[in-house]
Amino acid sequence: METQDADVLVVGAGPAGSTLARHLADAGRRVLVLEKSSFPREKVCGDGLTPRAVHELDQLGLRTDVSDGWIRNKGLRLLGGGVRMQVPWPEITDFPSYGLVATRSSFDQALVEHARAGGATVAERTSVTGPVLDERTGHVVGVTARPVDEKGRKAGEERTYRAPVVVAADGVGGRLALSMGLAKRDDRPLGIAVRTYFTSPRHDDDWMEAWMELREGDSSTGPLLPGYGWVFGVGDGTSNVGLGVLDPGSGDIDYRDLLRRWMSGMPAEWRFREEDQVGPIRGAALPMAFNRTPHYTRGLVLVGDCGGMVNPFNGEGIAYAMQSGRIAAGAVDDALAATDERARERALQSYPAAVRADLGGYYTLGRVFVSLIGHPEVMRVATRFGLPRPGLMKLVVKLLANLADPTSKDATDRVVVALKRLAPAS
């Protein structure tokens, strides 16, 4: 009988991988996480956490007290069409009524340390090079990996790690999934995010600010792009300033230049200028609406960005990465408790079914939304006639942030919940 290095191998220690690792460690499972980087590390992100993400942190048992350095926010401030509106986060049963802001560097480190504190083993600077397959079944039974230095260069000999279950949590690139033939789906939307930091007096703003008018070209009257700009105060003297746009796939848009042009129109006293910039402009892809499936196949479980979990309505990824990690942990735990191979497979297959039941209908709505805002005229009408209507924007925020309360009798909650239930899960 082959020696197993762990009950579960997790490839990647981002929000999805670390969340899954902690939940499984809490269940008494031996978890080994292989991470190619070392912490703290930088990731491209808006650094804003909605109440959905805070809920997942609560489920994980991770403290987010203000005294520990977490910055709370009250809701969304929306700007566009000459309108400035503040929409508080809604009151939802079992959900907090606040969001958080934390740099991805500190956030990811807090999650991985929480996983370690729960009993998971995390091997940093360990780059996975491929899957190990069972010759009889074709299932993944482990991975090969090698140590790397801080620049990702080989720093030791390759070795093999084995476990009954392997989880791919290696981000948008999904190298392990690709090695198993799981390419991204071209019928799903992809977003692009770019951001940087500025030393700014706006660093302590307790609202997450979204600018709904991004225009193509230099003209202020150019076509509206399907996306938004953001300004999130980090609380440490800096603001995270960035934008997220749907990728048309043409390669015609220079997103870094678009961010520079957008920032050039900001008030001078905010200090969003080159001499106050902290670090370069960085960009990343946003894999949306289940853009890589199936989420389980041949012993391999896909979570987070690897499985395309990003919300197509607003580009939010962290909450859904953590949610997928939590759901997957339950299925994996059941699989490890199974008494035979058939029962084990049923347990693992329950994970994609559960994720699809939770998010499938909502993501179908998101794909419709994406197809609509891809038309500049739709964006123009929505910005001009939607933003001045507070009642409508209350509904829109609940829909875009997936924060409707199914137990509420409020009309906006009932509309959003009904839409999610009626939309086919795909």
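The following dialogue examines how terms are applied to residues of this predicted model.

Tutor: Residues are numbered from 1 along each chain as its sequence is written. As the model is predicted, local features need pLDDT of at least 70 and side-chain atom pairs count only at pLDDT 80 or more, while totals for chains, interfaces and linings use all residues; side-chain values use heavy atoms, with hydrogens and water left out.

Student: Why is Asp413 called buried?

Tutor: Buried means under 20% relative accessible area, exposed over 50%, and partly exposed in between (1.4 Å probe, protein chains only). Asp413 has a relative accessible area of 3%, and is therefore buried. Asp413 lies in helix 10, residues 411–422; helices (H or I, at least four residues) and strands (E, at least two) are DSSP runs, numbered from the N terminus.

Student: Which residues are in contact with Asp413, leaving aside its neighbours within four places in sequence?

Tutor: They are Lys398, Leu403, Ala404, Asp405 and Ser408, where contact means heavy atoms within 4.5 Å.

Student: What makes Ala285 partly exposed?

Tutor: Ala285 has a relative accessible area of 25%, which falls in between the cut-offs for buried and exposed, so the residue is partly exposed. Ala285 lies in strand 17 (residues 277–287). Apart from neighbours within four places in sequence, Ala285 is in contact with Val172, Leu190, Gly191 and Ile192.

Student: What makes the pairing of Arg77 and Asp205 a salt bridge?

Tutor: A salt bridge is a side-chain nitrogen of Lys or Arg within 4 Å of a carboxyl oxygen of Asp or Glu. The closest N and O atoms of Arg77 and Asp205 are 2.6 Å apart, so the pair qualifies. This pair links distant parts of the chain, 128 residues apart: Arg77 is in strand 5 (residues 75–80), and Asp205 is in the loop between strand 13 (190–199) and strand 14 (208–211). Both Arg77 and Asp205 are buried. In general, side chains of opposite charge can pair when their charged atoms come close.

Student: How many salt bridges does the rule give?

Tutor: The count comes to 33 salt bridges. Among them is the bridge between Arg185 and Asp187, whose closest N and O atoms are 2.8 Å apart. Arg185, with a relative accessible area of 27%, is partly exposed, and Asp187, at 43%, is also partly exposed. Elsewhere, salt bridges that share partners join Glu35, Arg41, Arg104 and Asp108 into one network.

Student: How do you know that helix 2 is mostly covered?

Tutor: In helix 2 (residues 51–60), 8 of its 10 residues are buried. These are Pro51, Arg52, Ala53, Val54, His55, Glu56, Leu57 and Leu60. Their cover includes helix 1 (15–26), strand 3, strand 7 (99–101), helix 3 (104–117) and helix 6 (318–337). Just after helix 2, Gly61 takes a positive phi of about 80 degrees.
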